[in-house]
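Please read them with the coordinates open beside you.

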Amino acid sequence: TEYEDHFSDVNLRTITEGTYIGPNEMTPAFSYIKGDLTKAYNAKKMDEYDRAMVFMDTFNETYPGVLITFDRVVSTKEGFPKTWLLQAVAEPTIEGNKMWFKNSDTNEKCGGKLVNTVLYPENAQVSKVGGIGKFISEGKDRATSGGNATEEIYSSGWRCEVKPSAPAKEDLFLNAMFVADADTTAPDLEMTKIEDEQFMGVVTLDRQVMFSKSGNFIDKEFTVEVKDNNGGNNMLTLLTDIAPGKWNIS
């Protein structure tokens with residue numbers, strides 16, 4: 001079928017580079033996947049593109065889920081701009097490096113929000129485009145609803161765009177988002193970037209996730225700092241991009 005052909009073609013354009021579910025596979029604290037998406041893009045513009053994603057079940061009723069995305073994009077020329085996108089139906093609110101999406105449609109018993117913090121690039125340009133009845137791409141409205149109100153809502157909407165402040169061949173994008181009830185009075189979950197020579201990652205609650213900044217497997221001795229983020233309790237730490245083999249940990 002056309003559907004199957006489409007996805008079989010996509011599979012040829014992506015390579016899974018790493019996965020992990022654990023430590024307990026039945027109730028995992030971390031669910032991780034990394035893929036090489038280079039071949040899904042124009043070879044004249046894209047040299048390398050890796051995306052890693054980690055979902056964390058926090059076992060916390062106030063902040064039940066956290067998603068971290070880490071993108072490393074290398075273009076063939078410095079002049080090719082790169083934009084990280086986050087799509088939604090509801091109009092987002094943006095303040096500095098944070099964006100809020102709320103769904104409070106009581107008719108569908110929906111009452112949630114998603115909050116994203118742009119942790120990298122530093123001084124990123126964060127903006128929103130679109131609107132109900134619109135689908136803005138490359139500055140043009142490409143919506144084709146045909147006047148159907150329901151179709152208009154779900155085939156259009158808003159998009160947040162994150163752009164580096166200056167052109168470069170290689171760009172890194174680190175985003176950390178969480179979900180919560182739309183009407184919660186709890187403060188937004190704090191997301192902290194942590195970085196050293198080899199790693200970049202996020203600390204939140206009792207969790208820490210680290211990614212290789214180069215995109216390559218780390219196969220030599222390294223040191224990583226584990227943050228004490230919750231007053232001396234145990235920290236769960238996920239180190240990705242570590243080469244398979246026998247390691248000594250001290």
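1. Which residue in β13 is the bridge partner of Thr-117? The partner is Ala-176, and this pair belongs to the contact between β8 and β13, which run antiparallel and are joined by eight bridges. Strands here are DSSP runs of E of at least two residues, numbered from the N terminus, and two strands pair if DSSP finds at least two bridges between them.

2. On the basis of the work: this is a predicted model, in which local features need pLDDT of at least 70 and side-chain atom pairs count only at pLDDT 80 or more, while totals for chains, interfaces and linings use all residues. Residues are numbered from 1 along each chain as its sequence is written, and side-chain values use heavy atoms, with hydrogens and water left out.

3. Strand β8 also pairs with β7 (residues 98-103), in the antiparallel sense and over six bridges; within this pairing Phe-101 stands opposite Leu-114 of β8. Another antiparallel pairing, over four bridges, links β14 (residues 192-195) to β15, and these two strands form a hairpin with three residues between them. Thr-192 has Val-203 in β15 as its bridge partner.

4. The largest nonpolar core has 25 residues, and those with the most contacts inside it are Val-54, Ile-68, Leu-174, Phe-178, Met-191 and Phe-211. At least two residues of this core come from each of β2 (30-36), β3 (46-57), β4 (65-75), β8 (112-120), β13 (170-181), β15 (199-204) and β16 (207-212), and the largest share, five residues, is that of β13. A second, separate core has 14 residues, among them Leu-86, Ala-88, Val-118 and Val-126. A nonpolar core is taken as a set of buried Ala, Val, Leu, Ile, Met, Phe, Trp, Tyr and Cys residues joined through side-chain atoms within 4.5 Å; buried means under 20% relative accessible area, exposed over 50%, and partly exposed in between (1.4 Å probe, protein chains only).

5. Leu-174 deserves a look of its own. Not counting residues up to four places away in sequence, Leu-174 touches (heavy atoms within 4.5 Å) Ile-68, Thr-69, Phe-70, Thr-117, Val-118, Leu-119, Tyr-120, Lys-193, Met-200, Gly-201, Val-202 and Phe-211.

6. Val-179 also lies in strand β13, but counts as partly exposed because its relative accessibility is 33%. The C-alpha atoms of Val-179 and Pro-64 are separated by 6.6 Å, although the two residues are 115 apart along the chain.

7. What lines the largest cavity? The lining consists of Lys-34, Asp-50, Arg-51, Ala-52, Phe-70, Arg-72, Phe-211, Ser-212, Gly-215 and Asp-241, and these residues divide into three nonpolar, two polar and five charged. β3 gives the most to this lining, with three residues. The volume is about 40 Å³. For the terms: on a 1 Å grid over the protein atoms alone, a cavity is a set of points where a 1.4 Å probe fits but cannot get out, a pocket is an open set with protein on both sides within 12 Å along at least five of seven lines, and lining residues have an atom within 4 Å of a point. Grid points are joined across faces, edges and corners, and a volume is the space filled by probe spheres set on the points. Ala, Val, Leu, Ile, Met, Phe, Trp, Tyr, Cys and Pro count as nonpolar, Asp, Glu, Lys and Arg as charged, and the others, Gly among them, as polar.

8. Asp-241, one of the lining residues of the largest cavity, has a positive phi of about 65° although it is not a glycine; Asp-241 counts as buried because its relative accessibility is 7%. Leu-205, in the loop between β15 and β16, likewise has a positive phi, of about 50°, without being a glycine. A cis peptide bond joins Gly-22 and Pro-23, with omega about 0°, and another joins Tyr-120 and Pro-121, with omega about 15°.
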